[in-house]
Number of protein chains: 2
Amino acid sequence: MNTDADNFAQLLKNNGVSVTTARRAIFHTLRDADEPLKNGEIARRTPTVDRASVYRTLELFARLGITETVMRGWTPYTELAEPFTPHHHHIICENCGKVVEIENDTLEDVLNLVASRYDFALQKHVVELSGLCADCRAKTTRQAA
Amino acid sequence: MNTDADNFAQLLKNNGVSVTTARRAIFHTLRDADEPLKNGEIARRTPTVDRASVYRTLELFARLGITETVMRGWTPYTELAEPFTPHHHHIICENCGKVVEIENDTLEDVLNLVASRYDFALQKHVVELSGLCADCRAKTTRQAA
DNA sequence: AATAAAATTGCGACAACATTGCAATTATTA
DNA sequence: TAATAATTGCAATGTTGTCGCAATTTTATT
C-alpha cells in the first residue's frame with residue numbers, strides 16, 4: 001500500500017528529477033489538505049521547506065502534471081491532479097461560499113467534442129461554475145420579492 | 001453610439017456608486033485591451049490612476065459583474081464581462097500558445113444542466129481548455145514517432 | 001558502503017504585487 | 001452652487017514571488 005507516495009516517487013524518477021525530502025513534504029501537504037490551497041498557504045504549511053524551494057517545487061509539480069490550478073475568486077489555488085486525486089470539478093455558491101464537487105461524464109464529453117470541432121486535441125481543462133445553491137436561492141428569493 | 005460607455009455609466013448609477021474619471025479610465029483600459037490582463041498590468045496601463053484605486057476599482061467591477069476573471073497558467077487575468085464583450089471561451093495550444101475563441105451552445109447547455117443537477121442556479125462559469133492545435137499535433141507526432 | 005558528480009536546497013537580498021488609513025479631492029444632491 | 005457623501009491619491013507597510021550562489025542532499029558508480 002501507500003501506493004500514492006510510490007507512484008509519486010516513480011513519476012519523479014521517470015522524469016529524471018530527484019526524489020527529495022522537500023518534494024515529499026510538499027506532496028504530503030497537498031495530500032493532507034485534500035482541498036485546493038493557495039501557494040502561499042502551501043509554503044506556510046510546509047515550514048520545513050524554504051519558501052523559494054516551495055515555489056520552485058510547485059512549478060515543477062505543475063510542469064509534470066502532479067498538480068493543477070483552479071481559480072477561486074481572484075486567487076489561484078493548487079491541488080493534486082488526476083493520478084492522485086479523483087477527477088472532479090467544483091461548483092461554488094456565490095452567496096454562502098459552499099463548495100460542492102461535481103463529477104459528470106456528459107460535461108467531459110462535450111468538452112472533448114468542442115475541442116475537436118476546433119481541431120484541438122484536448123489535454124487539460126478547467127471548469128469553474130458558480131451560482132446560488134438551493135438554500136441561498138430560497139432566502140434571496142424571499143427578500144427580493 | 002458609444003453605447004458601451006453609456007451602459008457602463010448607467011450600471012454604476014443603478015448600483016448607487018459614482019461615475020468617476022478613474023473608473024472610466026480603467027474601463028477604457030480594459031476595453032482597449034480586448035483581451036484578459038493581469039491586474040498589475042491594468043494598473044500599469046492606467047498611469048493616471050493610483051495603484052490602490054485601481055485595485056479597489058477592480059474589486060468593485062468584479063462585484064458588479066462588470067469584469068470576470070480567467071486563469072492562464074498560474075495568474076488570474078481580468079477582462080470585461082458579458083454586457084461589454086461577447087460571451088466566449090478560449091482554447092489554448094499548449095505548444096505554440098495559439099489562442100482560439102470558441103462559442104458553443106451545447107457547452108452552455110450542459111453547464112446549466114450539470115448545475116441544476118446539483119441544485120444550483122448557475123450565474124457564472126469559467127471554462128478554459130488547452131491542448132494541441134492541428135499544426136502542433138502534426139509536428140509533435142512526427143518527432144514522437 | 002564510500003565517494004565523486006549532479007541536482008536541489010536554503011539563505012539573504014530584492015522586486016513586484018497588493019492593502020490600509022487618512023487627508024485632500026471630486027462627484028452627487030438639493 | 002453650496003453642502004454632503006463618495007472616491008481618490010498618497011505614503012507607509014505587508015505579502016508574495018524571484019534570483020544567484022554556496023552548502024547540502026541525492027544519485028550514480030565502483
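Hi everyone. Of the 145 residues in chain A, buried ones make up 41%. Please keep in mind that this is a predicted model.

Let me start with the layout of chain A. The chain has six helices and six strands. Reading from the N terminus, the order of elements is α-α-β-α-α-β-β-β-β-α-β-α.

As some background, side chains of opposite charge can pair when their charged atoms come close. How many salt bridges does a search of the whole structure find? Over all chains, the answer is five salt bridges.

The one I would look at to begin with joins A:Asp4 and A:Arg31, whose side chains meet at 2.8 Å, N to O. A:Asp4 sits in helix α1, residues 3-14, while A:Arg31 sits in helix α2, residues 21-33, so this pair ties together parts of chain A that are 27 residues apart in sequence. A:Asp4 has 19% relative accessibility and counts as buried, because the cut-off for buried is under 20%. A:Arg31 is partly exposed, at 36%.

Next, please turn to helix α3 of chain A, residues 39-44. Here A:Glu41 forms a salt bridge with A:Arg44, and their closest N and O atoms are 2.5 Å apart. Both residues lie in that helix, three residues apart, which is about one turn of the helix. A:Glu41 has another partner to show you: A:Arg45 forms a salt bridge with A:Glu41, with the closest N and O atoms 2.7 Å apart. Put together, A:Glu41, A:Arg44 and A:Arg45 are linked in a network of salt bridges.

Buried or exposed: which is A:Arg44? With 59% relative accessibility, A:Arg44 counts as exposed. A:Glu41 is partly exposed at 23%, and A:Arg45 is partly exposed at 42%.

A negative surface patch in chain A is formed by A:Asp32, A:Asp34, A:Glu35, A:Glu101, A:Glu103, A:Asp105 and A:Asp109. Where is A:Glu103, one of these residues, found? A:Glu103 is in the loop between β5 (99-102) and α5 (105-117) of chain A. Its relative accessible area is 54%, so A:Glu103 is exposed.

A:Asp119 has a positive phi of about 65°, although it is not a glycine. This residue is placed in the loop between α5 and β6 (120-133) of chain A, and A:Asp119 is partly exposed with a relative accessible area of 43%. For chain B, the phi of B:Asp119 is also positive, near 65°, and this residue too is something other than glycine. B:Asp119 is found in the loop between α5 (105-117) and β6 (120-133) of chain B, and at 43% relative accessibility B:Asp119 counts as partly exposed.

As for where a cysteine sits, A:Cys133 is buried, with a relative accessible area of 1%. In chain B, B:Cys133 counts as buried, at 1% relative accessibility.

Notes. Residues are numbered from 1 along each chain as its sequence is written. Chains are lettered from A and ligands numbered from 1 in the order in which they are written. This is a predicted model: local features need pLDDT of at least 70, side-chain atom pairs count only at pLDDT 80 or more; totals for chains, interfaces and linings use all residues. Side-chain values use heavy atoms; hydrogens and water are left out. Buried means under 20% relative accessible area, exposed over 50%, partly exposed in between (1.4 Å probe, protein chains only). Patches are made of residues with over 30% relative accessible area and no salt bridge: like charges are joined within 9 Å, nonpolar side chains (Val, Leu, Ile, Met, Phe, Trp, Tyr) within 5 Å. Accessible areas come from the Shrake-Rupley method with a 1.4 Å probe; for residues, only the protein chains shown count as cover. A salt bridge is a side-chain nitrogen of Lys or Arg within 4 Å of a carboxyl oxygen of Asp or Glu. Lys and Arg count as positive and Asp and Glu as negative; His and the chain ends are not counted. The place of a charge is taken as NZ of Lys, CZ of Arg, CG of Asp or CD of Glu. Helices (H or I, at least four residues) and strands (E, at least two) are DSSP runs, numbered from the N terminus.
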